[in-house]
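Here are my notes for your first look at this model. Have the structure open while you read, and take the points one at a time.

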Amino acid sequence: MTAFFEYGKMFLGDVMKEMICFDIDGTLRDNLKHDVSFSTLEALKKLKGNGYRIVIATGRGKDSLMKTGIMDIIDWDGYVCNNGQIVMDSLKHTIYHATMKKEAVKEVLRVADENNMVTCIKAKKRKLNKEADEYALTSLKYFNNPLPEVGKYEGEEVDAMIVYGPLKHTYDEYKHIEGICVLPGESTYADITIANVSKATGIKKLLELYSLKEYIAFGDSLNDMFMFKEAKYSIAMGQGNETLKKQATYVTTDIDHHGIYNGCVHFGLIEGGKYGV
């Protein structure tokens with residue numbers, strides 16, 4: 001194993017001690033028990049010990065991220081939230097924050113009402129445009145998130161939105177809306193974010209902060225696609241989205257079989273151990 005680790009260091013020699021970015025749901029933690037496995041935590045500790053910058057890159061907002069407890073499991077070097085719309089440094093100080101245009105928010109709500117779809121506004125206080133249906137409840141359970149109250153949009157700043165629909169729905173109804181990006185998820189929802197803002201653009205803010213040029217990315221769903229395209233090496237979880245896996249540099253084992261740990265070992269980022277490949 002030592003020889004393989006040395007090979008990995010040569011293979012990734014020009015990105016050693018740089019940045020490694022992790023999605024949360026379906027990547028860092030499973031979507032059933034909502035736990036971070038011992039092997040994943042051990043991999044993170046080894047990466048830190050080897051001098052890498054490690055970063056969270058998630059579709060979750062800051063409030064939702066804080067409720068997961070993941071921010072406290074290790075000393076992260078930065079956080080990319082809402083698919084790049086909020087970027088925080090290691091001290092949780094916001095270094096970038098983009099909000100949706102009010103016209104776009106209103107149009108998303110109009111289209112949602114026209115199609116009888118439940119929508120969540122991700123603002124200072126989250127709220128739904130109507131009572132949660134089966135799709136909203138399924139998605140909230142998937143993320144282990146609380147049920148927001150129902151309320152009207154009153155012109156407040158909105159970071160992003162979530163639209164709930166059937167599993168594998170394309171959300172084409174929303175794709176004509178100017179200034180937004182539609183990102184269907186692995187459950188019964190789609191993220192509505194700002195066009196040309198993504199996990200990749202958020203990660204670039206942190207690369208600039210640390211005077212780095214490249215990063216390695218771990219993810220499992222379509223909202224990781226932009227992050228994968230800009231990464232030097234992209235690693236998809238074994239149980240992840242099939243389209244994403246085709247984009248990936250490498251497909252590791254699934255989250256229940258030490259996917260992050262094994263992916264790190266495969267690329268020589270950490271030495272192998274009891275979990276194996």
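1. Start with what's hidden. This is a predicted model, and 54% of the 277 residues in the protein chain count as buried.

2. Now the outline. The C-alpha trace spans about 60 × 35 × 30 Å along its principal axes. A compact globule with 277 residues would have a radius of gyration near 19 Å, and the protein chain has 19 Å, so the two agree.

3. Looking at contacts with a separation of 6 or more, 58% come from residues 24 or more positions apart.

4. Which residues have the most contacts inside the largest nonpolar core? They are Phe 22, Leu 28, Leu 47 and Trp 76, in a core of 32 residues. Several elements each supply at least two residues of this core, including β1 (19–22), α2 (38–49), β12 (215–219) and α9 (259–266). The largest share, four residues, comes from α9.

5. Zoom in on Phe 22. Leaving out residues up to four places away in sequence, Phe 22 touches Leu 28, Leu 44, Leu 47, Ile 54, Val 55, Ile 56, Ala 57, Trp 76, Phe 218 and Ile 260.

6. Apart from it lies another one, of 24 residues, with Val 108, Met 117, Ile 121 and Val 197 among them.

7. The accessible surface comes to about 12,700 Å², and carbon and sulfur atoms hold 51% of that. The protein chain carries 35 positive and 39 negative side chains, with the centres of the two sets 3 Å apart.

Conventions: Residues are numbered from 1 along each chain as its sequence is written. This is a predicted model: local features need pLDDT of at least 70, side-chain atom pairs count only at pLDDT 80 or more; totals for chains, interfaces and linings use all residues. Side-chain values use heavy atoms; hydrogens and water are left out. The radius of gyration is taken over C-alpha atoms; the globule rule is 2.2 Å times the number of residues to the power 0.38. Buried means under 20% relative accessible area, exposed over 50%, partly exposed in between (1.4 Å probe, protein chains only). Contact means heavy atoms within 4.5 Å. Accessible areas come from the Shrake-Rupley method with a 1.4 Å probe; for residues, only the protein chains shown count as cover. Lys and Arg count as positive and Asp and Glu as negative; His and the chain ends are not counted. The place of a charge is taken as NZ of Lys, CZ of Arg, CG of Asp or CD of Glu. A nonpolar core is a set of buried Ala, Val, Leu, Ile, Met, Phe, Trp, Tyr and Cys residues joined through side-chain atoms within 4.5 Å.
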